[in-house]
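The sequence and the structure are shown first, and the description follows.

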Amino acid sequence: MVLNAENVRREYGDTVALDGVSLSVEQGSVFALIGPNGAGKTTLIRSLTGTTEYEGEIELLGEPPKRTDTQRIGLLPQSFDPPERLTARELLEYYGGLYDDARSVADVLADVGLGDKADTWYESLSGGQQRRVCVGIALVNDPELLVLDEPTTGIDPAGRRDLWRLLDRLTADGTSVVLTTHYMDEAEYLADRVGLLADGSLVATGPPQQLIEEYGGRSRLEVEVAEDVDAAAAQRAIEPIGTGVDTTGRTLTIQGVTPRAIGDVLDALDHAGVEYDALSWRQPDLESVYLALTETDTDDPPAPDTGERAEVLQSG
Ligand code: ADP
């Protein structure tokens, strides 16, 4: 394990920012922390990297965080404002100079896709390009563990995907990553394990696919029936198929429809002479998990589907 945390607590006055968080990160893996604003993600990142006080046990590369050699860690804080009147190249040279053994600046610029912006002042770069310089700064010391607090906030969709590919390459070479993100597709794509933090507690931890199976609910088919159609009659036409159907206005929501069963639903509608204007089918994803576990009272998460999950919840 490159990182191991047991029962980490942090209070600010009366605010309990972290209420006994335990997690571990394996070498070469990505751990993504997700959760609403104020859940404690930044406080956890800061505890894990030795930049704030905490109670509990943390081992970062085998040492308490404050004793871990900073050469081995790359940290991108959520708010990080490097000097603006330096070029991308000068910034990487400056931060590289803080380490005994820094990487080539040209390589880092290429990694973050800024080879052609090397001589542009930081203040003249777009928000997304600036964030990429900051990711580059976290990479100058060739870290074993990269800790990124919202690395892609403000980066355009193409830039985000470039960064995902960079993280793929780094983890394939054995670099470990802990990141926070508000983008569920990002966590789902990148993470080997996801931790959902709410009110200072990890309410669910596991591989994205496992969390989706346990908390994501069922796939849904939504059918918008034509204007002159009696939606209640359309609902009755589908009910014999045996899935749950709800009607809101002209939209029928049919739960638990497998891709194969979509045809059965449409056949039933055709058979009953029901015209429809639009349909969409959606599989549960990490966003469904997030919404299921954070829209309800997070002290009392919805009943899990499996007994195994219940144990994890009670200990988490
Ligand atoms: P997140 O990163 O998930 O948005 P934070 O870790 O920033 O959450 O905050 C968790 C809780 O701790 C919030 O209630 C926040 O107001 C509080 N908090 C964070 N930092 C401080 C601080 N320096 N002083 C007082 N309260 C803080």
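## Basis of the description

Two strands are taken as paired if DSSP finds at least two bridges between them. In this sense, Ala 5 has Ile 58 in S4 as its bridge partner. The model discussed here is predicted.

## The open sheet S2-S1-S4

Three strands make up an open sheet in the order S2-S1-S4, and their pairing is antiparallel. From one strand to the next, the twist averages 20°.

Strand S1 comprises residues 3–12 and pairs with S4 in the antiparallel sense over 5 bridges. The antiparallel pairing of S1 with S2 runs over 8 bridges, and here Leu 3 stands opposite Val 25 in S2. S1 and S2 also form a hairpin, with 2 residues between them. In its turn, Gly 13 has a positive phi of about 60°.

## The covered strand S3

How many of the residues of strand S3 (residues 30–34) are buried? The count is 5 of its 5 residues, and the strand is described as mostly covered. In a regular strand the side chains alternate between the two faces of the sheet. For S3, both faces are covered: Val 30, Ala 32 and Ile 34 are buried on one side, and Phe 31 and Leu 33 are buried on the other. The cut-off behind the word buried is a relative accessible area under 20%.

S3 pairs with strand S7 (residues 176–180) in the parallel sense over 4 bridges. It also pairs with strand S8 (residues 193–198), again in the parallel sense and over 4 bridges. Two residues of S3 illustrate these pairings. Leu 33 has Thr 180 in S7 as its bridge partner, while Phe 31 stands opposite Arg 193 in S8.

## The ligand and its surroundings

Which residues lie around the ligand? They are Tyr 12, Thr 15, Ala 17, Pro 36, Asn 37, Gly 38, Ala 39, Gly 40, Lys 41, Thr 42 and Thr 43. By class, this shell divides into 4 nonpolar, 6 polar and 1 charged residue. S2 and helix H1 (41–48) each supply at least two residues of the shell, and H1 gives the most, with 3 residues.

A polar backbone atom of Ala 39 is 3.1 Å from a ligand oxygen atom. For Thr 42, a backbone N or O atom lies 2.8 Å from an oxygen atom of the ligand. For Thr 43, an N or O atom in the side chain is 2.6 Å from an oxygen atom of the ligand. On its own the ligand has 560 Å² of accessible area, of which the protein covers 58%.

## Residues with positive phi

Asn 7 has a phi near 50°, a positive value in a residue other than glycine. This residue lies in strand S1 and is partly exposed, with a relative accessible area of 46%.

Asp 142 likewise has a phi near 50°, positive although the residue is not glycine. Its place is in the loop between helix H4 (127–139) and strand S6 (145–149). Is Asp 142 buried or exposed? At 52% relative accessibility, Asp 142 counts as exposed, since the cut-off for that class is over 50%.

## Two buried residues

Thr 87 is located in the loop between strand S5 (73–76) and helix H2 (88–96). This threonine is buried, with a relative accessible area of 9%. A polar atom of the Thr 87 side chain lies 3.5 Å from the backbone oxygen of Ala 118.

Leu 202 belongs to strand S9 (residues 201–206). It is buried, with a relative accessible area of 7%. Leu 202 and Arg 161 are 41 residues apart along the chain, and their C-alpha atoms are separated by 27 Å.

Conventions: Residues are numbered from 1 along each chain as its sequence is written. This is a predicted model: local features need pLDDT of at least 70, side-chain atom pairs count only at pLDDT 80 or more; totals for chains, interfaces and linings use all residues. Side-chain values use heavy atoms; hydrogens and water are left out. Axes are lines fitted to C-alpha atoms, for helices over the stretch in contact, and angles run from 0 to 180 degrees between N-to-C directions. A residue is near a molecule or strand if one of its heavy atoms lies within 4 Å of it. A polar contact is a pair of N or O atoms within 3.5 Å; within protein, one must be able to donate a hydrogen and the other to accept it, and residues adjacent in sequence count only if both atoms are side-chain atoms. Accessible areas come from the Shrake-Rupley method with a 1.4 Å probe; for residues, only the protein chains shown count as cover. Ala, Val, Leu, Ile, Met, Phe, Trp, Tyr, Cys and Pro count as nonpolar, Asp, Glu, Lys and Arg as charged, and the others, Gly among them, as polar. Buried means under 20% relative accessible area, exposed over 50%, partly exposed in between (1.4 Å probe, protein chains only).
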